Amino acid sequence: MADTPGYAEIAAIFRKQIQDGVLKPGDTMPSLRQVCERYNVAQTTANRAYRVLKMEGLTLAKPGVGTVVVGAISNNIDARVRLFQSTGKALDGGESSRILEVGTVGADELVAPRLDVAPGTPVHVRRRVVSRNGVPVHFSSSYYPAYVVAVTPELAEPVSTGGSRELAAARLGIAQDRVLEEVTSRLATNAEKKYLGLTAGDVVVSQVVRTVTLTDDRVVEVAVKVTGGATILRWSTSLSSDK
């Protein structure tokens with residue numbers, strides 16, 4: 001890092017501290033004046049760095065208090081793809097994945113049309129809980145068609161692959177192209193409450209159904225991600241044409 005860092009470098013420093021749990025949800029961030037003094041930068045640079053963190057959903061301006069850290073979130077798929085490309089891992093700092101179940105199930109009415117198969121068709125499923133700094137973030141069930149499992153037998157093992165979609169796409173020799181994410185709310189099942197540590201009788205959860213398509217239009221994965229109702233789903237997508 002340069003002696004006088006730019007706003008992106010300052011944002012990266014605080015981003016890592018938030019993701020690693022050094023700065024926890026509810027903590028107050030250093031003031032802009034403190035950032036300026038610490039990194040020897042102008043207030044405009046410090047302000048731009050804080051604006052980046054706010055736009056990423058990591059912080060929030062709280063009147064009378066300052067800038068505070070928002071609760072832990074799980075990275076969106078675009079961030080995970082870029083993370084895997086640069087590090088070979090799909091989990092960020094402080095994140096861990098625990099595999100709960102692997103096996104074959106009949107595609108239900110939610111999954112079947114998204115995998116373009118008839119209801120009841122056998123599909124492979126992997127269920128897991130992803131935690132950040134020991135706190136459950138989401139409970140996920142990922143469904144894969146037969147042709148994906150055929151080239152990626154590791155998906156049948158109860159261990160983390162480090163990037164299941166990326167591994168399957170590499171084996172197929174076809175790149176990931178796009179993702180459709182559909183967000184709804186519903187009551188949690190007993191299993192979801194157990195794994196997410198939710199104790200109330202009726203608990204509303206947010207459900208994200210994510211359908212990932214390859215460049216040849218085949219679906220590589222349908223994932224159903226569930227988060228507690230207190231978790232705010234938020235993600236930032238670049239609209240820049242030069243991305």
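**Labels and cut-offs**

Modeller: Let's start in the sheet: Phe139 stands opposite Val226 in E8. This is a predicted model, where local features need pLDDT of at least 70, side-chain atom pairs count only at pLDDT 80 or more, and totals for chains, interfaces and linings use all residues. Residues are numbered from 1 along each chain as its sequence is written, and side-chain values use heavy atoms, with hydrogens and water left out.

Biologist: What makes E5 and E8 a pair?
Modeller: Two strands pair if DSSP finds at least two bridges between them. Strand E5 (residues 135-144) and strand E8 (residues 219-228) have 5 bridges, in the antiparallel sense, so they qualify under that rule. Strands themselves are DSSP runs of E, at least two residues, and helices are runs of H or I, at least four, both numbered from the N terminus.

Biologist: Why are E3 and E6 called edge strands?
Modeller: The open sheet has 6 strands in the order E3-E4-E5-E8-E7-E6, with antiparallel pairing. Strand E3 (95-106) and strand E6 (176-187) each pair on one side only.

Biologist: Why are H1 and H2 called roughly perpendicular?
Modeller: Axes are lines fitted to C-alpha atoms, for helices over the stretch in contact, and angles run from 0 to 180 degrees between N-to-C directions. The axes of H1 (residues 7-19) and H2 (residues 32-39) cross at roughly 110° and come within 12 Å. Under 35 degrees is roughly parallel, over 145 roughly antiparallel, 65 to 115 roughly perpendicular and the rest oblique, so H1 and H2 are roughly perpendicular.

Biologist: Which residues meet there?
Modeller: Ile10, Ile13 and Phe14 in H1 meet Val35, Arg38 and Tyr39 in H2, contact being heavy atoms within 4.5 Å. They divide into 5 nonpolar, no polar and 1 charged. For those classes, Ala, Val, Leu, Ile, Met, Phe, Trp, Tyr, Cys and Pro count as nonpolar, Asp, Glu, Lys and Arg as charged, and the others, Gly among them, as polar.

Biologist: How do you know that the buried residues of H2 line one face?
Modeller: Val35, Cys36 and Tyr39 are buried. Seen down the axis of H2, the buried residues fall within an arc of 100°, so they line one face; the arc is that of the directions from the helix axis to the C-beta atoms. The face turned away carries the exposed Arg33 and Glu37. Buried means under 20% relative accessible area, exposed over 50%, partly exposed in between (1.4 Å probe, protein chains only).

Biologist: What do those buried residues pack against?
Modeller: H1 and helix H3 (43-55).
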